[in-house]
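User: I'd like to learn how to read a fold like this one, feature by feature. Can you walk me through it?

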Amino acid sequence: EVTVAFSGESVVVSTAKGARLQGMRFVHTDGDPELRGRNGPRCLEVCGGHLTVEGCHVTSRVGSAVMAADGGSLLMRRCELKGCGRCGLICVLGSWAYCDGCELSHNALNGADVQTGGCVVLRGNKVSKNHQTGVLVADAGSFVHIEENDISGNLRRGVTAQKSGRFTLVSNRISCNKNIGVIGIGPWEDYSEPLSVRDNVITGNLSSGLWVQKGHACVSRNIIASNGESGVVAFGCKNKLTFEGNVIHSNGRTGVSIHTALQVVLKGNSVGVKVE
């Protein structure tokens with residue numbers, strides 16, 4: 001294993017269309033903590049090109065591990081984005097990232113942070129013990145597909161969509177986060193696809209399991225159980241909500257709590273207390 005350490009703005013900046021990094025350790029040791037967003041300190045950066053990173057450990061003591069920006073694309077497999085002063089992965093400004101079999105943990109802010117039109121696929125990752133949210137998506141045009149991940153033990157929420165950011169959430173385990181398991185906060189356009197939450201296990205979160213505010217959602221075939229407050233909370237006068245085939249039990253307050261929604265469809269759900 002080769003270790004590359006550097007204290008400047010970034011350790012590696014890639015603009016090439018076919019760059020590849022394998023089996024290396026990158027440590028970003030310094031930077032200006034006052035800088036934010038696109039200009040914030042980061043260890044690896046891809047902007048305008050394509051970068052593949054495999055089997056690497058990446059950390060920034062004051063900033064984020066990896067940033068995709070300015071239309072760049074990033075493919076990460078079997079990497080560790082851990083122990084950063086900010087986020088594990090940041091994807092912004094129309095960039096794209098695919099993260100497979102990685103660990104995004106113990107970061108001071110979010111495990112993955114997707115804003116200003118970024119698009120990310122997270123598949124088969126461990127996203128845990130980040131000091132804020134496991135996965136955050138914000139702003140209209142930003143999107144995350146989250147599938148078969150373990151999102152647990154984050155010190156605030158497991159997954160957050162806000163300011164019209166969107167996600168699909170498929171076959172994940174979202175557990176033991178210290179606030180809400182999954183929260184979606186719109187508003188989303190009336191013609192946009194609803195948030196899709198299907199085939200997940202959402203359990204043991206300190207507050208509610210799933211929270212939808214000012215938007216549309218299709219929630220199907222999930223197990224939502226043993227959360228500290230409600231299993232599901234939804235409100236917003238324009239909400240269109242579909243709940244089908246879910247098992248919702250043993251939550252601290254209500255199973256399903258819906259307020260001021262425009263349209264609600266409930267079909268084939270099991271809501272109550274689990275009997276052994």
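**Reading the fold**

Analyst: The chain has 0 helices and 34 strands, where helices (H or I, at least four residues) and strands (E, at least two) are DSSP runs numbered from the N terminus. Its radius of gyration is 19 Å, close to the 19 Å that the globule rule gives for 276 residues, so the chain is as compact as a globular protein of that length. That radius is taken over C-alpha atoms, and the rule is 2.2 Å times the number of residues to the power 0.38.

Keep in mind that this is a predicted model: local features need pLDDT of at least 70, side-chain atom pairs count only at pLDDT 80 or more, and totals for chains, interfaces and linings use all residues. Residues are numbered from 1 along each chain as its sequence is written, and side-chain values use heavy atoms, with hydrogens and water left out.

User: What box do the C-alpha atoms fill, and what share of the residues is buried?

Analyst: Taken along the principal axes, the box is roughly 55 × 40 × 30 Å. Of the 276 residues, 53% count as buried; buried means under 20% relative accessible area, exposed over 50%, and partly exposed in between (1.4 Å probe, protein chains only). Contacts are worth a look too: among those with a separation of 6 or more, 48% involve residues 24 or more positions apart, a contact being heavy atoms within 4.5 Å.

User: How do I read a sheet, and what is the order of the open sheet that has β2 in it?

Analyst: Strands of a sheet pair through backbone hydrogen bonds, either parallel or antiparallel. Here, two strands pair if DSSP finds at least two bridges between them. This open sheet of 11 strands runs β2-β5-β8-β11-β14-β17-β20-β23-β26-β29-β32, with parallel pairing. At the edges are β2 (12-14) and β32 (256-259), each pairing on one side only. From one strand to the next, the twist averages 5°; the axes are lines fitted to C-alpha atoms, for helices over the stretch in contact, and angles run from 0 to 180 degrees between N-to-C directions.

User: Which strands pair with β8?

Analyst: β5 (residues 42-47) joins β8 (residues 64-69) in the parallel sense over 5 bridges. V46 stands opposite A68, and C47 has A69 as its bridge partner. β8 also pairs in parallel with β11 (residues 89-91), over 3 bridges, including one from V66 to L89. Since 6 of the 6 residues of β8 are buried, this strand is largely enclosed by the rest of the structure.

User: What about the open sheet with β3: what is its strand order?

Analyst: Its 11 strands go β3-β6-β9-β12-β15-β18-β21-β24-β27-β30-β33, with parallel pairing. β3 (19-22) and β33 (263-267) each have a single partner strand, so one side of each is left without a neighbour in the sheet. The twist averages 10° from one strand to the next. Strand β30 (residues 240-244) runs parallel to β33, joined by 5 bridges, and F243 has L266 as its bridge partner.
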